[in-house]
Amino acid sequence: MLVNKENPIRDLNQDKNHNLISNTEIPEKGLAKLMGKSSQKLKESLGEPSRIDPSFFGFEWWVYPKSNTDYAQIGVSDNKVVTIFAAGKNLDVTPFKIGQPVSEINSSVFVETNINIEYKDSTYLFELSEEDLHIRPLVMVGSQYAQLNIDKFTGTLSSVRFMDTATLIKMRPYEVVYRGELLEAPLPSPAFEKEVERGKEHQILDLTNIMRVRNGLNPLKWDEATAAVAYAHSRDMYESNDFSHTSKTYGELADRLEAGGVFYETAGENIAANYMDAPAVVEGWLNSKGHRESLLNEKFTHLGVGVYKKHYTQNFIRKLEEE
């Protein structure tokens with residue numbers, strides 16, 4: 001199981017002096033140059049997306065799963081690119097590189113613990129924990145920000161998330177203190193929330209396969225019956241307020257799969273809570289030994305994912321008969 005603490009929000013009541021992170025140059029090539037560009041420029045560069053998934057942060061994810069080595073999610077708001085998440089190892093994420101050793105990154109950028117941002121007459125202070133500094137540091141690229149997701153088991157860059165200032169403030173991936181008005185995305189309707197959750201489920205499948213192929217494993221196929229079992233467990237954990245692999249009502253994973261009519265040789269499960277989106281939760285699982293072992297288990301052939309109100313369940317199975 002994996003629980004991410006909700007990032008605290010506090011009012012900033014007194015002036016403090018803080019250093020800024022170092023600023024790398026705006027790249028002239030690669031995905032980062034699309035930041036701030038129009039959706040038309042995005043289409044001219046990458047083509048039409050395979051699908052468009054909604055998000056809770058005021059933008060839509062344009063998903064480009066061209067292959068398991070060229071995978072990107074581009075956040076578009078008001079016809080403008082406001083964030084980019086890139087995980088495919090063949091993608092150009094200049095000034096960085098997927099698979100780049102962390103020692104090489106540390107020699108070229110310097111990260112401060114506190115990042116002070118002025119935005120529309122408000123002040124935001126992002127406070128990075130020791131863990132943040134080691135596995136998800138934040139650096140400035142021109143006028144944008146880049147969150148670097150580090151695979152701590154290999155000591156390399158796993159993925160990059162570029163964000164403009166407004167998106168960083170809305171997503172709040174770190175503890176934040178603010179003075180002025182807190183910039184927030186609008187509250188979703190129940191129907192919209194369901195759409196976001198379905199999008200997260202398929203993004204988790206995509207990203208799971210990115211990580212498997214990167215590690216020399218076969219990608220997993222989606223299994224609808226297993227996904228229904230996973231969704232039911234996420235909902236049960238939320239409604240029972242019991243974050244566990246064992247449901248007091250529906251039992252262990254084997255019990256739940258049997259009740260869902262899922263036939264398999266072997267099975268496994270990852271669960272998580274309170275992560276802001278699919279990229280964040282998959283990177284969290286990747287950096288947790290037990291969850292990583294399930295995610296990168298060569299025996300599994302199929303996956304079902306269920307998301308309900310920031311509760312995430314991955315159910316892995318090896319089917320009795322290969323399809």
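Reader: What is the length of α6, in residues and in Å?
Author: Helix α6 (residues 224-240) has 17 residues. From first C-alpha to last, α6 reaches 24 Å, close to the 24 Å expected at 1.5 Å a residue. That expected span is 1.5 Å times one less than the number of residues. Helices are DSSP runs of H or I, at least four residues, and strands are runs of E, at least two, numbered from the N terminus.
Author: This is a predicted model: local features need pLDDT of at least 70, side-chain atom pairs count only at pLDDT 80 or more, and totals for chains, interfaces and linings use all residues. Residues are numbered from 1 along each chain as its sequence is written, and side-chain values use heavy atoms, with hydrogens and water left out.
Reader: Which residues of α6 are buried?
Author: T226, A227, V229, A230, Y231, H233, S234, D236 and M237. Buried means under 20% relative accessible area, exposed over 50%, partly exposed in between (1.4 Å probe, protein chains only).
Reader: And what covers them?
Author: The cover includes α5 (190-214), α7 (253-259) and β15 (264-273).
Reader: What happens just after α6?
Author: N241 takes a positive phi of about 55°.
Reader: New topic. Where is K194, and why does K194 count as partly exposed?
Author: K194 is in helix α5. K194 counts as partly exposed because its relative accessibility is 45%.
Reader: How far apart are K194 and Y308?
Author: They are 114 residues apart in sequence, and 8.1 Å apart in space, C-alpha to C-alpha.

Notes:
Contact = heavy atoms within 4.5 Å.
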